[in-house]
Amino acid sequence: MTEVKLHGFWYSPFTFRVVWTLNLKGIPYEHIEEDRFNKSPQLLQYNPVYKKTPVLVHDGKPICESMLIVEYIDEIWLQNSLLPADSYDRAQARFWVKYVDDMFSGIAAHFRSRSDEEREEAKEIIWERLGVVEDLCLGDERKFYGGDAINIVDIALGSFVKFIEVQEDMFDVKILQSERFPRLKLWFNNFKDVPIIKENTPGQEELVAFLKTLIEKMMARKYYR
């Protein structure tokens, strides 16, 4: 019997991606919750380069980096395909996945900002990037990037926008403004209301409370970088 294990943080947007993918595919797996401040020997063995989560272990073989894991799962388990069949469409999807991943530095800067001024600067950068997604990635009337079904771009973007939503409540700011990003807002409402996504995403209040505490711990341990 195939054995699938996932090492991750329950609150991490990168872990969300893998959890969503496994559940969309209907793949049974064991979740191994890691401690950010005391990572398991298994995790360090499986990812000796970056020492980060998530790590998927399939029949004893580790795969690292969230979107590489998503592609791996999609290649091994063919049901509910997340990548387009057409080569050009696959290349375009991978482009937008890379664009979303590059945006995480902006939202991370917002998360780590120590002053209102720093947070405002980070927000402007996020707005500029989201404007590109609004106009060029979600520029038509499709329910999801992939049409009527979630695909790999939706997985990548959904984790990013969820983290924005959490930060809005943490810092009492409004980033994903409906008047500024109507397509993106509609897309995210469609995405997060999909039963499998909703059932496998931690609650908003729980995430906000935990991440506020995590920031305090990171600062106390000089881990805030």
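A crossing of two helices is right-handed if the near helix is turned clockwise from the far one by less than a right angle. Keep that in mind for the helix pair below. The model is predicted.

Start with the annotated region. The UniProt record, an unreviewed entry, places the feature "domain: GST N-terminal" at residues 2-81. Over residues 2-81, the chain is 38% helix and 21% strand.

Now take the helix pair. Helix 3 covers residues 66-76, and helix 6 covers residues 152-171. Their axes are 11 Å apart. The two helices pack at an angle of about 150°. Angles over 145 degrees count as roughly antiparallel, and helix 3 and helix 6 are therefore roughly antiparallel to each other. Their crossing is right-handed.

Which residues of helix 3 meet helix 6? They are M67, V70 and E71. On the helix 6 side, the partners are I152, I155 and A156. By class, this contact has five nonpolar residues, one charged residue and no polar ones.

Move on to helix 8, residues 195-199, where I196 is found.

What does I196 touch, leaving out residues up to four places away in sequence? I196 touches N23 and L24. V97 is 99 residues from I196 along the chain, and the C-alpha atoms of V97 and I196 are separated by 21 Å.

Methods. Residues numbered from 1 in each chain as written. Predicted model: local features only at pLDDT ≥ 70, side-chain atom pairs only at ≥ 80, totals over all residues. Heavy atoms only, no water. UniProt positions renumbered as here; feature names shortened; annotations may be inferred. Helix = DSSP H or I, 4+ residues; strand = E, 2+ residues; numbered from the N terminus. Axes fitted to C-alpha atoms, helices over the stretch in contact; angles between N-to-C directions. Parallel < 35°, antiparallel > 145°, perpendicular 65-115°, else oblique. Contact = heavy atoms within 4.5 Å. Nonpolar A, V, L, I, M, F, W, Y, C, P; charged D, E, K, R; others polar.
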